[in-house]
Amino acid sequence: MAQVRLLDKYLRRYTQLSERELSHQLQTNLWFTPVLYIFNSFILLAIAFTADYKLKIGEKMWSIFSVNYDLTQALVSTLTAATLTLTTFTFNLILVVFTTFSGQFSPRILKNFIASKATQRILGIFTASFFYMLFSFLFLNKRFTEQFFTVPLMAVILASVSMGTFIFFINHAVAWLQVNKMTNEMKKESLAIVDGSLQKEIEPYRVKDTGPVKNLVEDLVKSPGNQIKSNKAGYIQLIDFAEIMEEAQKDDIVIELKHAIGDYVFNTTPILTYWKRQGQTIDEYKYLAFFSFGKRQTEVQDIEFSINKLVEVAIRSVGNFDPKTAQNAIYQLGELLTYISCVANFDPYLVDPNGQLRVILQEKEFSHYLYNGLGYIRHYSENNVVVGIEILKVLDMIARSANPRDYEAIWDFAVYTAQGFEKDFLFGLDYEKFNSALYDIAVSTKHEGDYEHLREKAGSQ
């Protein structure tokens, strides 16, 4: 009974997930794809035994292709043990990769390796091959036929494919252990989240003219509004913006979200405030259904969590005296931040198709993402001037492609970075490279005058 209740609880948890959450859970679980492959192996098994038992293919083939019962049994039993051995080696190799990732980089990177389609398909091939061999050995029976063809042929083919897959998996694991491959995959994941969370889900509702909306918001915040508290504790994993906008339009209310995706809330934390017409009745519970809470952060909508993976790689690399890895992670972060600057609209106001204000988001400027990306690296790199120079170079590259709206944030961050390293120059070359990188940023962000003022102030000291 206890096992049944546990299974029921497990299945109920999956049935309560939204379509997007379910898709993410299945992609990041190691069992789903192998189960599909095992199911296909049973179909293949049924076809093979039908061909040999019912259609008597083995007896109709030339004697050179026909395999007797004893040889088929010996072949399948040998391949069963061999496939199990390959599968065991593969799982051991996965554990080695997990240990390496956790120790040198970040335990949060493990999901990227698990979610890789190559990893899941490789395990699917191994497990499917093993189950085919095992059940073939179980169902072999001399009473139905003395000669086989399809069963041993499929066993040999699956064993050959498994051997080739094992070689491919070694290459796949080695490639993933290379930092360039790993950081590039994380960058792609982050870019996909930006496209999904910022572009497709929120951008269609962004207000075009913020002037009138700001005046309305100023009038709204003068009244206390009505608060809705979270009914669960945990991280905010998902927010269904489309449904919130639709229901807010139906109820003719304005909602202010008090927390963003990735924030941790208690079950008594006010999660949103809404303003309604006098005497209007609102079903508050339905709005809580548009929030998904969990015990951990996920990458589905959380841009910052995805960015933090690259940040952790850079910080760990600095601590392990691996400047090239840190440099690679910093440049991948730079490309991601540039993309955010180019495509994102940071206005926090969302309006319905009629142009009426419906949702006020937590306001996050480009400086917020810039600090979360490069600020932590700057802090943990301490006295590492080389890392500081790389950060300035990346800032210059961002400035050359970024939206002019974000020039001020980039320049301010560059000054903040430079001032933190002023006391750490050991050689004149450090000073020269640092100032050269800072001057390039000043030119890109059109702050040449501020740069000269900063040099004069530093010279006077």
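A salt bridge here is a side-chain nitrogen of Lys or Arg within 4 Å of a carboxyl oxygen of Asp or Glu, and by that rule the count comes to 13. This is a predicted model, in which local features need pLDDT of at least 70 and side-chain atom pairs count only at pLDDT 80 or more, while totals for chains, interfaces and linings use all residues. Residues are numbered from 1 along each chain as its sequence is written, and side-chain values use heavy atoms, with hydrogens and water left out.

**View 1. The whole chain, to get your bearings.** The protein chain has 19 helices and ten strands; these are DSSP runs numbered from the N terminus (helices are H or I with at least four residues, strands are E with at least two). Of its 461 residues, 49% are buried. Buried means under 20% relative accessible area, exposed means over 50%, and partly exposed is in between (1.4 Å probe, protein chains only). Now for contacts, meaning heavy atoms within 4.5 Å: among those between residues at least 6 apart in sequence, 80% join residues at least 24 apart.

**View 2. Helix 15 against helix 16.** The axes of helix 15 (residues 366-380) and helix 16 (residues 385-401) come within 10 Å and cross at roughly 160 degrees. Axes are lines fitted to C-alpha atoms, for helices over the stretch in contact, and angles run from 0 to 180 degrees between N-to-C directions. On the helix 15 side you'll find Phe366, Leu370, Leu374, Ile377 and Arg378, meeting Val387, Ile391, Val394, Leu395 and Ile398 of helix 16. Sorted by class, the residues of this contact are nine nonpolar, no polar and one charged. For that sorting, Ala, Val, Leu, Ile, Met, Phe, Trp, Tyr, Cys and Pro are nonpolar, Asp, Glu, Lys and Arg are charged, and the others, Gly among them, are polar.

**View 3. Helix 15 again, now with helix 17.** Helix 15 and helix 17 (residues 407-420) pack at an angle of about 20 degrees, with axes 10 Å apart. The two helices are therefore roughly parallel to each other. Helix 15 brings Phe366, Ser367, Leu370, Tyr371, Leu374, Gly375 and Arg378 to the contact, and helix 17 brings Ala409, Ile410, Phe413, Tyr416, Thr417 and Gly420. This contact has eight nonpolar, four polar and one charged residues.

**View 4. Salt bridges across the sequence.** Glu335 pairs up with Lys187 in a salt bridge, with the closest N and O atoms 3.0 Å apart. Glu335 sits in helix 14 (residues 323-343) and Lys187 in helix 9 (residues 179-202), so the pair ties together parts that are 148 residues apart in sequence. Glu335 is partly exposed at 42% relative accessible area, whereas Lys187 is buried at 9%. Another salt bridge joins Lys364 and Glu304, whose closest N and O atoms are 2.5 Å apart. Lys364 is in the loop between strand 10 (357-360) and helix 15, and Glu304 is in helix 13 (residues 303-319), 60 residues apart. Lys364 is buried, with a relative accessible area of 17%, and Glu304 is buried, also with 17%.

View 5. Arg400 and Asp396 meet in a salt bridge (2.9 Å, N to O). They are four residues apart in helix 16, so about one helical turn separates them. Arg400 is exposed at 60% relative accessible area, while Asp396 is buried at 7%. Elsewhere, Glu246, Glu247, Lys250, Asp251 and Lys286 are linked in a network of salt bridges.

**View 6. Asn112 and its contacts.** Asn112 lies in helix 6 (residues 110-115) and counts as buried, with 9% relative accessibility. Leaving aside residues up to four places away in sequence, Asn112 touches Trp176, Met186, Glu189 and Lys309.

**View 7. Two lysines with positive phi.** Most residues other than glycine have a negative phi. Lys56, in the loop between helix 3 (32-54) and helix 4 (57-60), has a positive phi of about 55 degrees. Lys446, in the loop between helix 18 (428-444) and helix 19 (448-460), has a positive phi of about 60 degrees. Lys56 is partly exposed at 23% relative accessibility, and Lys446 is exposed at 62%.

Conventions:
Parallel < 35°, antiparallel > 145°, perpendicular 65-115°, else oblique.
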